[in-house]
Amino acid sequence: MTPMRIGITCYPTFGGSGIIATEIGLELARRGHRVHFICSDVPGRLERFVDNVFFHAVEVRDYPLFDSPYALALASKMVEVATYESLDLLHVHYAIPHATSAYLARQILGARSPKLLTTLHGTDITLVGNDRTFLPITRFSILQSDGITVPSQYLKDATYDNLDVPRSTPIEVISNFVDAAKYRPASEKPWHELAHLFPRCKDANARPRVLIHNSNFRPLKRVDDVVRIFAEVAKTRPTVLLLVGDGPERSRIEGMVRDLGLFDQVCFLGKQLNFVEVLQLADVFLQPSETESFGLAALEAMSCGVPVVGSNVGGVPEVVTDNDSGLLFPLGDLPAMIAGVLRLLDDPALHTKMSRAARAQVESHFQRAPMIDRYEAYYRTIL
Ligand code: GMT
């Protein structure tokens, strides 16, 4: 089949939307399509010098008179790349402002315009549901797209409900996915590989249990709940906590950990591009979020055979099956989450069962290749 020329725009962060956009682009390039990333910076997981992959930086300059908005710089860059590279399709991730910039670019390009696919990810919809500042422009830009995808049925419903999008508007649910060959369970969990992070637990014979959390440390991730769960569990079981990621809540959480006297048992790993080896060493992944359209971080943990304990919110139950690949509880129910972690730590048979179920669920429902097949087929339908 004819290779397509595709432009991809995403936030170049360590967040799930950037990871999914990058993985889609890399896999499409491996399949022979020409992929142009149009972003403000190189996405974290984008491998450089890959055949068929090109990167175009959106430059947001400082001017003395006016703020130079990213949305306009992006629209201009989209026009440039679409013209020079004869793009067939623009695939933008996260509606605000990417779908709006793409709309503007397409108005400028007129008949030469590429088609537009918008993938919604999470707060681009749920935030607009609560704070209507961007409602008209987001709703309009989404409706101007030739195709819309979401990673969960939950986000599809939220888009209809929160944005007042007519239910007759087609929205495809294409799940997020993981590279299950890379994110796989470790055959053993050698504690010595982590021991140096926790000087007080040097004794190789006394392997503590490992809890892990990975997020962008925004308030909705409720990282303080992660710490509270850990603090309670660590009172009676030798346990350490690994915190991956960084963001606005990091300093407050670090202060909280120190105030609770837990600093020796908690390691802040900061932003990590590749932490699969660390994930493989964990016993439980904690995700007490206020909301998640999907929860890609939990899926990566499941792929490594790490069961999830967290809140039963948003699209999470479409990813984690309660009592099978993890334990889900009402938002903020910390006593229940603590009891859930203790159950998993104290019952090795239950832990093994859930670990295997988590991995099996990834293998049967969340593999990369079938999801890219669906995106590829959807691109062709749109075109
Ligand atoms: O919308 C956000 O909060 C950011 C976004 C991101 O870039 O990670 O997260 C959303 O998209 C991810 C990828 O589809 C999902 O795994 C996250 O659950 C989702 N976040 C929220 O819904 C809060």
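A crossing of two helices is called left-handed if the near helix is turned anticlockwise from the far one by less than a right angle, and right-handed if clockwise; in this structure, the crossing of helices H8 and H13 is right-handed. The model is a predicted one, in which local features need pLDDT of at least 70 and side-chain atom pairs count only at pLDDT 80 or more, whereas totals for chains, interfaces and linings use all residues. Residues are numbered from 1 along each chain as its sequence is written, and side-chain values use heavy atoms, with hydrogens and water left out. Helices (H or I, at least four residues) and strands (E, at least two) are DSSP runs, numbered from the N terminus.

**The sheet and its order**

- Seven strands make up an open sheet with parallel pairing, and their order is S3-S2-S1-S4-S5-S6-S7; two strands are taken to pair if DSSP finds at least two bridges between them.
- The edges of this sheet are strand S3 (53-57) and strand S7 (172-173), each of which pairs on one side only.
- S2 and S3 run parallel and are paired over five bridges, and in this part of the sheet Phe37 has Phe55 of S3 opposite.
- Strand S2 (residues 34-39) has five of its six residues buried and is thus mostly covered, where buried means under 20% relative accessible area, exposed means over 50%, and partly exposed lies in between (1.4 Å probe, protein chains only).
- S1 is joined to S2 by four bridges in a parallel arrangement, with Arg34 in S2 as the bridge partner of Arg5.
- Between S1 and S2 the chain passes through helix H1 (residues 16-30), in a β-α-β crossover that is right-handed; this term applies if, with the strands pointing away from the viewer, the path from the first strand over the helix to the second runs clockwise.

- On one pairing, strand S1 (residues 5-9) meets S4 in the parallel sense over four bridges, and Leu90 in S4 is the bridge partner of Gly7.
- On another pairing, S4 is joined by five bridges to strand S5 (residues 115-119), to which it runs parallel, and Val92 stands opposite Thr118 in S5.
- The chain goes from S4 to S5 by way of helix H3 (residues 95-109), and this β-α-β crossover is right-handed.
- S5 in turn pairs in the parallel sense with strand S6 (residues 147-150) over three bridges, and the bridge partner of Thr118 in S6 is Ile148.

**Backbone details**

- Ile96 and Pro97 are joined by a cis peptide bond with omega of about -10°, and Pro97 lies in helix H3.
- Tyr94, in the loop between S4 and H3, has a phi near 80°, which is a positive value in a residue other than glycine; at 17% relative accessibility, Tyr94 counts as buried.
- Asn52, which belongs to the loop between S2 and S3, likewise has a positive phi, of about 75°, although it is not a glycine; at 24% relative accessibility, Asn52 counts as partly exposed.

**Helix packing around H8**

- Two packed helices are described by the angle between their axes and the distance between the axes; here axes are lines fitted to C-alpha atoms, for helices over the stretch in contact, and angles run from 0 to 180 degrees between N-to-C directions.
- Helix H8 (residues 223-236) packs against helix H13 (residues 334-346) at an angle of about 50°, with axes 10 Å apart, and H8 and H13 are therefore oblique to each other.
- Angles under 35 degrees count as roughly parallel, over 145 as roughly antiparallel, 65 to 115 as roughly perpendicular and the rest as oblique.
- Among the residues that make the contact between these two helices are Arg228, Ile229 and Val233 of H8 and Met337, Ile338 and Val341 of H13, contact meaning heavy atoms within 4.5 Å.
- H8 also packs with helix H9 (residues 250-259) at an angle of about 20° and with axes 10 Å apart, which makes H8 roughly parallel to H9.
- The crossing of H8 and H9 is right-handed, and Val223, Asp224, Val227 and Arg228 in H8 meet Arg252, Ile253, Met256 and Val257 in H9.
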